[in-house]
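Have a look first, then read on.

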Amino acid sequence: MRTSDLTQHLITELSPTLGVGEANSISRLVLEDLFGWRRGARPRLLTQDEELLAWTTINRLKAGEPVQYITGIADFYGLQLKVTPDVLIPRPETEELVEWILEEHPAGRSLNAIDLCTGSGCIALALKHKRPEWSVAAQDISAAALEVAHGNAARLGIHLERGGQFDLLQQDLTDDTYDLIVSNPPYIPPSERSRMSPSTLAHEPDLALFVPEEDPLVFYRRLADIARDSLVDGGRIYVETNEFNNAEVVRVFEERGLVGVDARRDMREKERMVCGVRI
């Protein structure tokens, strides 16, 4: 089998369930990340081991496993990150949260920032990559997620402050103060499982996805309190939210004393981000 044959076979096998466009994108990722072959290059023969890997990959994809977990690679804001089932796959919407932060904090000024619920480290690494003068820490409740995040930092040569395990609901930050806090916390109540893709439900970590049905804003109340206690005057907190309770997050931030609370829509016109300022 040649690389060009594998490309076409992937598209043929995946199109009935994913559509031609998505199948085409996945085939490109598989060929680039697993087989080191880019479209436009001269087709080459696969080795016997590569053919076995190809068929195994096709079967895993047809079973609904995300391509990023199969290749172990996810692209985020110009960076190639390692991902495992211990962390969420970074989404384009989260890139928009990073973009908002960078828009409001131009290069040239040193800031102290922390990313809570860091997962793969995607937000922290993107911020540090674009603003190397910043001090950026990354914390998560999951030791396995922190291992992925700091492994990504080491591979990319991006320095993150060494943050340990941190239970957002149970612990306070240290005596350090921050100019910027960012978080993409769990925000999906179990009742919204029917809105989610079977692939996400089967493969991505529940710990990073779900909140108690009876208290879906629990992480945002805690984040607002942490912002009030740990941000410097004029410091900002940015969070990603569930599109269905964005307005409630705004209200939580305002009730807990943050000012200038602002909500933003994502590229699909869904209200998915909130920022607040401590005074």
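Buried means under 20% relative accessible area, exposed over 50%, and partly exposed in between, using a 1.4 Å probe and protein chains only. This is a predicted model, where local features need pLDDT of at least 70, side-chain atom pairs count only at pLDDT 80 or more, and totals for chains, interfaces and linings use all residues. Residues are numbered from 1 along each chain as its sequence is written, and side-chain values use heavy atoms, with hydrogens and water left out.

Q: Why is S142 called buried?
A: Its relative accessibility is 14%, and the cut-off is under 20%, so S142 counts as buried.

Q: Where does S142 lie?
A: S142 sits in the loop between strand 4 (135-139) and helix 7 (143-156); helices (H or I, at least four residues) and strands (E, at least two) are DSSP runs, numbered from the N terminus.

Q: Which residues does S142 contact, leaving aside its neighbours within four places in sequence?
A: Those are Q165 and L207, where contact means heavy atoms within 4.5 Å.

Q: Why is T241 called buried?
A: T241 has a relative accessible area of 0%, so under that cut-off T241 is buried.

Q: What makes the link between the side chains of T241 and N246 a polar contact?
A: The distance is 2.9 Å. A polar contact is a pair of N or O atoms within 3.5 Å; within protein, one must be able to donate a hydrogen and the other to accept it, and residues adjacent in sequence count only if both atoms are side-chain atoms. So the T241 and N246 side chains make one.
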